[in-house]
Amino acid sequence: MVSRIALQSVLAILVITIWISPLQRVVGAVTTALYSPPALKEEAMAHSRAGDISEAIRVLQEAVRDNPLEAELHFTYANQLYVDQEPAMAALGLSKSELLHETIRIGKRACLLAPNNVLYAEDLAMVLEYAMRQEEAVSPAEVAKAWHYCLKLREVLYKTTPDFPSSINRVSPILGIVRAEMAAGNYPEAQQQCMRALEIYPDSYQAKNYLRTMLDKNMDRGQEEVVSPSIPAVMLHTAECSDVRTGSGSDTAGNARYPRKPPRRLLSRISSTSLG
């Protein structure tokens, strides 16, 4: 009798195991899919598109905590903090200065995890530049270094990618270097970088306007000569540049002298440009 009961118990356990094991695998697969980095990013972006910024930030904050080696999640989080600064300050209880430093920290982490991703590097450089303009503890030298690194990545892409985009993309980091050097008062170097940009893209309105700005300093009463006055006039011709202060993702993006805020990045534009 005991043996029969024991046998029935064993059979019951086997049946349960046979039924539960596939179920556990299904539950595990669903859980993995729901909490995978791409799924978490999509969930955060869905909240962001719906205007629920605080929930998007909460999802991303937990995502980077649970996935410390996922560069894309760190980039998305830094991007969200920068794009929606006011809601982010409220959600995290941070001041603007604290938020900027947190954004930079997360952005640097993304670049450390994916050092060849030019998009991550350029976004970090823009945030550093913005922080510099806000008189945060970011020096022009640090901004220039960040843009030099972006230029290095862009040049590698230009040499290795047959269908690399237009020359505007190549000069964008150079113009960032120009702004950093101008902010540091290093006008001769800024002039050289402007000339370099114009060699690559002769129609660069920003490069021409930066040169004009520096030449205007030469003409100011009491100013020392800051750039060479021998710049060819044709390089300064703005070609009816009606509005160099507006635009997005182009050579005309930002203010003609110092962009107070870098162009807004779309969160959907992630990992589109990488060297692997």
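Helices α4 (residues 71-83) and α5 (residues 85-92) approach each other in this predicted model, with axes that come within 5 Å and cross at roughly 105 degrees. Two packed helices are described by the angle between their axes and the distance between the axes. Here an axis is a line fitted to C-alpha atoms, for helices over the stretch in contact, and angles run from 0 to 180 degrees between N-to-C directions. Helices themselves are DSSP runs (H or I, at least four residues), as strands are (E, at least two), and both are numbered from the N terminus. The two helices α4 and α5 are therefore roughly perpendicular to each other; angles under 35 degrees count as roughly parallel, over 145 as roughly antiparallel, 65 to 115 as roughly perpendicular and the rest as oblique. On the α4 side, the contact (heavy atoms within 4.5 Å) is made by Tyr77, Leu81, Tyr82 and Val83, and on the α5 side by Gln85, Ala88 and Leu92. Sorted by class, this contact of α4 with α5 has six nonpolar residues, one polar and no charged ones. In this sorting, Ala, Val, Leu, Ile, Met, Phe, Trp, Tyr, Cys and Pro count as nonpolar, Asp, Glu, Lys and Arg as charged, and the others, Gly among them, as polar.

Residues are numbered from 1 along each chain as its sequence is written, and side-chain values use heavy atoms, with hydrogens and water left out. Because the model is predicted, local features need pLDDT of at least 70 and side-chain atom pairs count only at pLDDT 80 or more, while totals for chains, interfaces and linings use all residues.

Stepping back to the chain as a whole, its secondary structure comes to twelve helices and zero strands. Of its 276 residues, 42% count as buried, where buried means under 20% relative accessible area, exposed over 50% and partly exposed in between (1.4 Å probe, protein chains only). Among the contacts in the chain with a separation of 6 or more, 62% are accounted for by residues 24 or more positions apart.

Buried in α6 are Leu99, Leu100, Thr103, Ile104, Ile106, Gly107, Ala110 and Cys111. The buried residues of this helix pack against α4, α5 and α7 (118-133). One of them, Ile104, counts as buried because its relative accessibility is 7%. Not counting residues up to four places away in sequence, Ile104 touches Leu124, Val127, Leu128, Ala131 and Val138. Ile104 and Leu124 are 20 residues apart along the chain, and their C-alpha atoms are separated by 6.8 Å.

The structure also holds two aromatic pairs. The rings of Phe75 and Tyr120 have their centres 4.5 Å apart and their planes at 20 degrees, so the pair is stacked. Rings of Phe, Tyr and Trp (its six-membered ring) pair if their centres lie within 6.5 Å; planes under 30 degrees apart count as stacked, over 60 as edge-to-face and the rest as tilted. This pair links distant parts of the chain, with Phe75 in helix α4 and Tyr120 in helix α7, 45 residues apart. Both Phe75 and Tyr120 are buried. For Tyr82 and Tyr130, the ring centres are 5.6 Å apart and the planes stand at 80 degrees, so the pair is edge-to-face. Here too distant parts of the chain are linked: Tyr82 lies in helix α4 and Tyr130 in helix α7, 48 residues apart. Tyr82 and Tyr130 are both buried.

Single residues complete the picture. Trp147 sits in helix α8 (residues 140-160) and counts as buried at 2% relative accessibility. Leaving aside neighbours within four places in sequence, Trp147 is in contact with Glu122, Ala125, Met126, Glu129, Ser172, Pro173, Gly176, Ile177 and Arg179. From Trp147 to Glu129 there are 18 residues in sequence and 9.4 Å in space, C-alpha to C-alpha. Pro37, found in helix α2 (residues 37-49), is buried with a relative accessible area of 19%. Beyond its neighbours within four places in sequence, Pro37 is in contact with Asn67, Glu70 and Leu73.
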